[in-house]
Structure formats: C-alpha cells, structure tokens
Amino acid sequence: MNALLIYNPEAGNKLFRNELDGVIEKLQGKAAALTVFRMGSTAAMEEFLAVQKGRAYEKIIIAGGDGTVNRVASAMQKCGIDVPIGIIPIGTTNDFAKHFDLPAKLDDIAGIIAQDSYLCSDIAQINGETLVNAALIGFKEFQTLSPFWIKLESEELCFEGDIFMALVMNGRSAGGFARIARDAAIDDGLLDVLVIKKCPLVELAPLLVALGSGKHKDSKHILHFQSSKLSMSSDTEVSTRVDGDEGPLLPIEVSISGTTLKVLSGVPAGKKPVGIGLSFNEVMQAAGGLVEIIKDMPRHNVLEYVNRNAVDDAYFKEAEGSLGDGYIYVALSSTGTAAGELIRSVTKKDYSHVSLSFDVGLKTLVSYNGGNNLFAPGMNHELLKFFYQKEDANLLVYKIKATVTQKRAILSEIRKINDEGSSYNLIGLLLPYSHKENIMFCSQFVYHVLKKTGLAYFDKAPHEVKPMDFIELDFKRDLEFHSQVYLRDVLAE
C-alpha cells in the first residue's frame, strides 16, 4: 500500500491527537510506503496534492475532523484525484466518519484503512465550495436565541418565515446529533433539509429533546424534506457553519455535485451501515430543565470566552497552602440545579456535577458552572452554599494520590484558564461540541485537568465524559472514598 497521510494538528480533540502516533506507527507497518504531510494552510495542502498527483497514491488517509475531510476532499476534486480515503477521526464531533462503522478506538482503525472495502458518499456544494456532511444555518444566532427571517426555495418546498436554525445534511448526523435524519443515506443523491421554525421557548425545549432522539418529524415547528438543490436567503446577515468550520453568510445555494467520494469503511462493500446507537446526548428527556437552561442562554457564549479572572488571588493562596497533603479531591454533587436535574434524568444517576478541590475541607472547590447569576458562566470557585438547591443536596468526596508537583501542575492549568478566559459549554449538554479549548462543562473540565497533569485513570474523549464516569470507570481503584457531605448539616454549623 502506497499511501499519503494528511494530518491536521489543529483538529479539535487533543486526547485523540495524543493517540495518533500509535496509529501512524501501525500504518507504517502495514504500508509499503507512507508519506505523512502535516497540514498547514489549505492552499499549501492543495499545492502539495497538485505536485504529488503523479506519485499515484493508492489511498489518502485523513487525520482530522469533518472540516479537515472537507478541505482534503475539495483539494482532491480540484486536482482530479479519485482514490479511496481513510479517516482517522480526531475532530470534535466527527459526524461524517460515523457513517462508516469505524472502530471506537483509534488504535483499531489502522486495520480498516489497510483493507480495500469502501463505501461511496455523495459530495454537495454550497456556493460552489465543497460540502461533505452538513451545513448549519444560523449557529451564532441560535446561540443567543435570535430568530431570523429566511426564504427557502426548492422544487419540493418553498418557505418564508422566522426560524431559529436550519440544517442541510448529506447524511443523518450533524453537530453530534446522530438521529436527525434517521432514514437518510450518504449515497442517495439527496440532501436532507431540516428547519426549526420560531416558537415559544417553552416549546423549544421539548423540541430539542425530540430532535436529539429522532422523534421530531411530527412537530409543527419542524420542516423536514429532501431535495437535490435548494437556495436560502435572508434580509439580514446570517451565519453558517460548513462541516464544522465557518461558512458563507446567506444567501446560499446548495446542491448535490454529481461526484462521489470513496471512503474506507468497516462495512463490507454493497452493505449499508447500521443505525447509530443512542448516546447520552440523544436521550434528553427533561424538558423542564431545558426550559430553564434555554432561558439562561443570553448570559452564555459558546463561541467566545465570557469569564476572565473570576478565580481570585485568595483562592490561589489557599490552594498553594494545600499542595502538600498528598491528594487531589474529586467531589460529585447532587444539587437540584436545572442543568444537574437535566443530566440526572438522562444518566439515571443522582450525582450530576463534578468538581476538584486541593483541600479536604473543600475551601478550594473549583469547576465549570453557570455562575449562579453572580459570576460569568465558565470556570469558577465554588462555595458550598451554591450547591444547596434542594433539601437533600449532598456531595460524595473522593481523593486520589497526587504529588506536590502534580497538584502544582493542576493549579498552574487552572491559573492559565483563569487568565486566558473560559465559557461554560452549554451546547455541550445537548451535543458534543467545544468551539475553543477553554469552553467546557464540569466533567469535561475535571477530566481535562487530570489528563493534562497525568492523573487521569481512564481513557475517554473529554467532551463525552459524564460526572459518574469518575467513579464507575475507576477500574483500578485509584480513587479512595473520603466522605459524604450533606449541605444542610454543613451550612447549619
């Protein structure tokens, strides 16, 4: 196998990027020749492919997310290269890769790429540029719940009116939602179009629940149809995201290009991939909690940092004084907040929030949260009184051995995030997406810090970690139970 591997070092999932070296080593063992190209600018990559076309690579392997696949597929078309591609999904949501039954562990993907079984995928175009998986219209507007007027035209359906968001999909998955278009196929010559019309917030919450579970088709607030060509325009500037990257402002024209992309797959040629199973993000059933979260969205920003220097000098001084006790403390809490109750209803677990502390008395408790209307959403010093949202609110406190050096490294990472800025990953409660490094939710933050400082004791993508994973995935018993703290008792003292 004479193959080219194009690696995007800026792809979103750092955990997977750290595992990439092992995959490359396996591929080198299976290939007669493997050329590795580190992707910089798109123009440089296109120039490289144009020059290398005569090398007659049998396969092109892409290490990145949907946006990377988009850019490579576009360059291949421009250069007239028609060979199968293999995907090493190290992006944020990797929606396109999910169509091809790739192994959950990156380490096992080399075997798929070494084989010759592939499926063909349609390729679409948006304003003349490549669209591989999905275009999301109104992402920035939806983040602030700002509806906008749109005019949509196709042979199958025409619509004018106010909407929250629209999706144009080549397949059935977008933005981490795996069942938006459950019956769609990537090789049927059709695009699936979904429009979320403007509706009251109390109705938007259960609609998002239905969207995640694939039960949205009968909603009066949803338009869902198929077409091979359509156009969208608006009377104002409206943002788009194309395969996870920033796309053109409206107006747009989207169509199936008539060309296909061969993708190496774990599904034998001629067979269809099986449906994607339900995930944590797809079984959201607590519409009441969603209503409260949606009402709070104007305070949030999932694109930019809104929380800076919220953790004060007194916190860092207190933490410095706790470096030598030999442990870092992991606290799981059952609090009664809207986000907590939402997560609890999905996971069926009582403990839906996780924090870190440097001291056993939890004076240095820190995590990502909504700020309790006192601080900006993001990384905050957490006071126990903020957890007392229901009568039986309590925390389970565990400890894990940590050296002074390791605790100082954790504190350094917290200080770095505090200086750079952060935001609470509100969208992450609905779909696995983080736009910037310091946009996280609680369990994502705790895992990120432990992983970065060598204290993580299980392997998982940070945006997929749930609070109870810290207990349930402790197979080697690295954690030691310390105490259960009932807030009514502590605050009464």
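Trainee: Why is F458 called buried?

Mentor: F458 has 7% relative accessibility, so F458 counts as buried. Buried means under 20% relative accessible area, exposed over 50%, partly exposed in between (1.4 Å probe, protein chains only). This is a predicted model: local features need pLDDT of at least 70, side-chain atom pairs count only at pLDDT 80 or more, and totals for chains, interfaces and linings use all residues. Residues are numbered from 1 along each chain as its sequence is written, and side-chain values use heavy atoms, without hydrogens and water.

Trainee: Is F470 buried or exposed?

Mentor: Buried, because its relative accessibility is 0%.

Trainee: What makes F458 and F470 an edge-to-face pair?

Mentor: Rings of Phe, Tyr and Trp (its six-membered ring) pair if their centres lie within 6.5 Å; planes under 30 degrees apart count as stacked, over 60 as edge-to-face and the rest as tilted. The centres of F458 and F470 are 5.7 Å apart and their planes lie at 75°, so the pair is edge-to-face. Y447, Y457, F458 and F470 form one aromatic cluster.

Trainee: How many aromatic pairs does this rule give?

Mentor: The count is 10. Take F96 and F100: their ring centres are 5.1 Å apart and their planes stand at 65°, so this pair is edge-to-face. F96 counts as buried because its relative accessibility is 1%. F100 is at 0%, so F100 is buried.

Trainee: Which ring does the charged end of K399 sit over?

Mentor: The ring of Y327, 4.3 Å from its centre. The rule: NZ of Lys or CZ of Arg is within 6 Å of the ring centre and within 35 degrees of the ring normal. R415 lies over the face of F316, 4.2 Å from the ring centre.
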